[in-house]
Amino acid sequence: MSTVLVVDDDAAIRTVVAQALRRAGHDVTVADSLAQLERALAVSVPDVLITDVILPDGDGIEHVRSVAARFPLLPIIVLSAQNTLTTAVRAAEVGVYEYLPKPFDLDVLTRAVAGALARGGMVSEDALHDADRALPLIGRSAAMQDVYRIIARVVSNDLTVLISGESGTGKELVARAIHDLGPRCAAPFVAINMAAIPRELIEADLFGHERGAFTGAATRNAGRFEQASGGTLFLDEIGDMPMEAQTRLLRVLQSGEFTSVGGARTIRVDVRIVAATNRDLSAQVANGQFREDLFYRLNVVPIALPALRERRRDIALLARHFLDHAAVQGLPRRQLATDAITVLGAHHWPGNVRELENLMRRIAVLARDEVIGADAIRTMIGTHAGPEETVDVEIGQAVRAMIDRIARENPASLDDGTLYERVIGEVERPLIEAMLARHGQNQLRAARALGINRNTLRKRLDTLGIDIDNGADAQRARETERR
């Protein structure tokens, strides 16, 4: 029987985790502090250690570093309510096997323990980053926790990363986080937007040019690869790169060498590549618009950034962060009323996080009152509709846009008997999200409005991966039932 040591100062969590692991066949010991952890280790070393981050007598991650040094083969799983990128990165850097943000799924934890026992721990020799480093990304939703875990695992190596996501989701922020939190942080971070450069100048911009290489080339210019030597080169909107430039980029990724435009000397640089796109590169490969071999070279570690409407739990957190940041920059300090948060949660956010940031800056400058209410938000967004009208308009627009897209992609499918199921399948997620936002994330009220029971709604939330604050929802449900 495998042994598991669980360290958490919350008695309820210790009990629930211990019961789940015992049902899975493990021998479980519990501790509520670092002191108890050390006493348990002095008696025997478990097969797996599970520990919280914040403990009464110290920092769990800091202590994990010492434990990992003394017991390098001990798999360690870290649990944390401090669901930030910094926590995930720190956990990865001290050599933990897995990092799980709270609240976590017991099935996921049980599988993590099984995996740790099967594969053993992973120990890193990298030093810890400063725990007080400013957070490069904001968000505590389940979708962002997945992003944090991937970032934490790639910052210490040089694997090529491909970031995908809609415009405004923060792809460059992720690229900068990978650079700033990794061993190349002291070297240059160089970004180039493929969509912003004339196609005839892309190769000269990437690889540099010699004097006289073309009309107007009066001096030799180093390209972005040379400028990023030792650091990170961020290739934004890689899907807009012309085919001829794709061929040259592929050769550079394969050999690490290139020649400048008009030059004969071979140039070798040490650069980490992070690329980003708001396009479906797989579809572009299928259509012959993007090289398949280049796609596989770039897509070593994929990171898919969620749209803001897919992480609505983060909207209030982001909005307050942007207002605070505006105040630090000298703009008037503003606060958001509860009804303003509700309106923000119901908005579709076609411009994603960038749209929200710009809206908060606009509010900081133009709003008359310190506390911002729902009407001010609607005015700033550009609509005077109430919450009910906003939801109806967004759903109607989404359905019409969906049918137009289906008609463009496959006109015959409009008459093949599958249109209803296709549209309903795509409408269900935004419909449920919109009704949850309209009813303040209260599952009971949202289910009643949708005409389904609460258990059915819960099943659809799990199937669709929609993340909500279950604790807050339960409290709201109890209050509703009392009324």
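Predicted model: local features only at pLDDT ≥ 70, side-chain atom pairs only at ≥ 80, totals over all residues.
Start with helix α6, which covers residues 142-154. At 1.5 Å a residue, its 13 residues should span 18 Å. The C-alpha atoms at its ends lie 19 Å apart, which agrees. Much of the interest here is in burial. Met 144, Gln 145, Val 147 and Tyr 148 are buried in α6. An α-helix has 3.6 residues a turn, so residues three or four places apart point the same way.

Now turn to strand β13, residues 272-277. Buried means under 20% relative accessible area. By that cut-off, 6 of the 6 residues of β13 are buried, so the strand is largely enclosed by the rest of the structure. Arg 272, Val 274 and Ala 276 point one way. Ile 273, Ala 275 and Thr 277 point the other way. Both sets are buried.

Which strands pair with β13? One is β8, residues 161-164. It runs parallel to β13, and the pairing has 4 bridges. Here Ser 164 has Thr 277 of β13 as its bridge partner. Another is β10, residues 232-236, also parallel to β13 and joined to it by 4 bridges. In this pairing Thr 232 stands opposite Arg 272.

Is Tyr 99 buried or exposed? Its relative accessibility is 4%, so Tyr 99 counts as buried. Val 78 is 21 residues away from Tyr 99 in sequence. In space, the C-alpha atoms of Tyr 99 and Val 78 are 4.9 Å apart.

Key
Residues numbered from 1 in each chain as written. Heavy atoms only, no water. Helix = DSSP H or I, 4+ residues; strand = E, 2+ residues; numbered from the N terminus. Expected span 1.5 Å × (residues − 1). Buried < 20%, exposed > 50% of the residue type's maximum accessible area, 1.4 Å probe, protein only. Pairing = 2+ DSSP bridges.
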